[in-house]
Structures are given as structure tokens and as C-alpha cells.
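Welcome, and please open your viewer. We will walk through this structure one selection at a time.

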Amino acid sequence: MPGRLAGTSPLSRHLCLVTLILSLLWAAAPADAQQYPVKPVRFIIAQAPGGQNDVQARIIGQKLAERLGQPVVYDNRAGAGGQIGFELLAQTPPDGYTIAMGSISTLAVIPMMPRKPRYDPLRDFAPVTLVSTSPYVVTTHPSVPARTIKQLVTLAKAQPGALVYATPGVATGIHLTTEQFMMIAGISMVHVPYKGGAPAATDLIAGQVAVMFNNVITAVPHVKVGKLRALAVTTAIRSPALPETPTVAESGYPGFESNSWQGIVTRSGTPGPIVARLNSDTVRVLQLPEVRNPIVSQGNDIAAGSPEEFAAYIRREMEKWGKVIQTAGVKND
């Protein structure tokens, strides 16, 4: 038999063929990563157009497309608090051609709720980079007789269950942050979940509800014209968007901290060189003034870093909010 395998046993020939095939496959993987991308990249946004995740994703995606040399196609998959978009991501091939904008709700809170989503952030997704963080603003309707956090707590204790607070929905970052504060402050308020932040804020402005731990981008314009009152921000330091507003920690609850955040993930199993390319290009894009400035102007801080740093951050957030969910008895039934 001519060729390299002549004179060898069938078993030896089989082993040689297997070794050759594996070698070819091993050699092909880095080549694919080096050629990436060769087609458009889909950017899943688990939110309706116009929300904070959508706005940031589109600002980033425009410049990311230039660096990748391929179009970035936006795919808004709103519903179920963001679960629909991330269930979709969990079903995509691990090739780096589908990425998604995640948040505290989709990557840290919802996965820790009693009824689990059909995805696991640690199992199904590969972190690319944390994008931004921002405070929540404790806001009240001006008719509420409280101008500070301490006054709000005193009012809530004097009238247990009388104050009504709004959230964009159960298992959102705003919901869990409010639950965390109520536990620490020893107060009880009535939860009214809405189908999104916009209708919740609308009812707060109208005086239909009394309190909301609002996103800074939503709260600031209404605070400045007197339609809402800002009592505190939830981050460890004051927000440049509301420099005169103290933190919750400064207001008598040292150590209290909660951030809204956004970050980009892709499918787990995506080759390391492709994840590294996505990370490098996204971090560079976030340094561009035309990307950085509009995100910061919305009250956010740029928080770009490595995939490893983002992975550790997600784990810490999942652990933190899992404890709040368990202690407060939060359910998503």
C-alpha cells in the first residue's frame, strides 16, 4: 500500500488518522479567530428601543462596527424583564457573532430569583467587558413631606405600609435596591411594579405613587424643574449629575451602596482570542470622546475593564442580590 500508512496495523493507521484530524482542527481554531470577523455581528438588546441599554448599545455599536470592519446589527428583544433576549443569546453558536448588552437585572438579579430563567450567566455567557455604572436616585413626589432620607424613614415608620413605591418591575435592580434599603432602614412600603421605568416615573411625577429609586438619566431632568425631589443617591460617592445630593451612606446608612450597570457578554465557549478581540475593541471604543461623552452625560461612569474583571463583578453581584432576595423573601411568581 503506497503512502505513509503502508505497513502499519489497522489500529495504528486509525490512531494516526485521528491524530491528524485533531491536529488539523487544532490548527484551524486560531486561524478562525485571526480572521474574525468575516460577517456582521448581531447585538442583542434585551429592551425596547429608547431605554438606557438600547441607547448605550447603539452608541457603542456604531464605532465598534468601524473597528471590526463589519456591520453591527441591532436586535431589540424586549420582554420578561430582559429574559427573552438572553434566552436567545444562550441558544446562539459560540462564535462571537452574537453579543448582548446585559444589566444588573438580567445578569445578577433575575438569575437569583426563586423561579430561574432559562439561562445561567456563569454557564451560558462569556463576559466581554463591564461598560458603565450609575447611581439610583431616591426620588419622591414633592407632596411627600420628606426632604431627606432620615425624614423619609421617619415618615415610613410613623405610617407603616402607607407609602407606595414604584419600580420598573419585579426582579429589577431598582426593586432589589429598594428592598435592600427597606431591610437596612427597618421600614415597610407597598410595592407597585410597572412594565418599565417610563410608566413608573410617569406615575411618580403625577403623584400616583410616593417614592421611586429612579435611574439617574430619568430622574435628573425632573428634579431640576421641581417635578421630583431627590433625597439621596445610592452610590458610594456623590453623582456629578446631582452634586448637591448626598449619598444614602452619608444620610445615616454607612456602607449602603448599589449601582445600576451595563455590560457586554457573548456566548460561552467562544474562542478566547475572539473574546479578547471584542474586549480590546470595545474598551478602545469607550475611550473615544464621541462615545464616552454621551454616556457620561447621562449620569454614568465608564467602567470598562477585562473579561476576567467583569466575570468577578457578575459573581459578586449575584451573591449580593441573592442574599437580599432570600432575606426579603422576594418572589417572581
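How much space lies in the second largest pocket? About 160 Å³. Keep in mind as you look that this is a predicted model.

**Stop 1: the second largest pocket**

Select Thr133, Pro135, Thr235, Ala236, Ile237, Arg238, Ser239, Pro240, Glu257, Asn259, Gly299 and Asp301, which line this pocket.

**Stop 2: the largest pocket**

Rolling a probe the size of a water molecule over the atoms shows where empty space is left. The largest pocket holds about 1100 Å³ of space. To find its centre, select Gln47, Pro168, Thr172, Gly196 and Gly197, the closest to that centre among the 45 residues of the lining. The lining divides into 19 nonpolar, 23 polar and 3 charged residues. Several elements each supply at least two residues to it, including helix H2 (52-68), helix H8 (197-205) and strand E9 (259-267).

**Stop 3: the whole protein**

Now zoom out and show the cartoon. You will see 12 helices and 10 strands. The C-alpha trace spans about 95 × 40 × 30 Å along its principal axes. Of the 333 residues, 51% count as buried. Contacts with a separation of 6 or more are worth a thought too: 77% of them come from residues 24 or more positions apart.

**Stop 4: helix H6**

Select residues 149-158, which form helix H6. Which residues of H6 are buried? They are Ile149, Leu152, Val153, Leu155 and Ala156. Turn the view to look down the axis of H6: the buried residues fall within an arc of 160 degrees, so they line one face of the helix. On the other side of H6, look for Lys150, Thr154 and Ala158, which are exposed.

**Stop 5: the nonpolar cores**

Select Phe86, Phe181 and Trp261. In the largest nonpolar core, which has 68 residues, these three touch the most other members. Helix H12 (residues 307-328) gives the most to this core, with 7 residues. Now centre on Phe181. Leaving out residues up to four places away in sequence, Phe181 touches Ile149, Val153, Ile187, Phe213, Val248, Tyr253 and Phe256. Another core of 24 residues lies apart from the largest one, and Ala33, Tyr36, Ala57 and Met101 are among its members.

**Stop 6: some backbone details**

Most residues other than glycine have a negative phi, and most peptide bonds are trans. With that in mind, select Tyr36 and Pro37: the peptide bond from Tyr36 to Pro37 is cis, with omega near -5 degrees. Pro37 sits in the loop between helix H1 (10-35) and strand E1 (41-45).

Then go to Ala80, in the loop between strand E2 (72-76) and helix H3 (83-89). Phi of Ala80 is positive, near 55 degrees. Is Ala171 buried or exposed? Select Ala171 in the loop between strand E5 (164-167) and H7, where phi of Ala171 is near 70 degrees, again a positive value. Ala171 is buried because its relative accessible area is 4%, under the 20% cut-off. Ala80, at 47% relative accessibility, counts as partly exposed.

Terms used
Residues numbered from 1 in each chain as written. Predicted model: local features only at pLDDT ≥ 70, side-chain atom pairs only at ≥ 80, totals over all residues. Heavy atoms only, no water. 1 Å grid on protein atoms, 1.4 Å probe; cavity = no way out; pocket = protein on both sides within 12 Å on 5 of 7 lines; lining within 4 Å. Points joined across faces, edges and corners; volume = space filled by probe spheres on them. Helix = DSSP H or I, 4+ residues; strand = E, 2+ residues; numbered from the N terminus. Nonpolar A, V, L, I, M, F, W, Y, C, P; charged D, E, K, R; others polar. Buried < 20%, exposed > 50% of the residue type's maximum accessible area, 1.4 Å probe, protein only. Arc of directions from axis to C-beta. Core = buried A, V, L, I, M, F, W, Y, C linked by side-chain atoms within 4.5 Å. Contact = heavy atoms within 4.5 Å.
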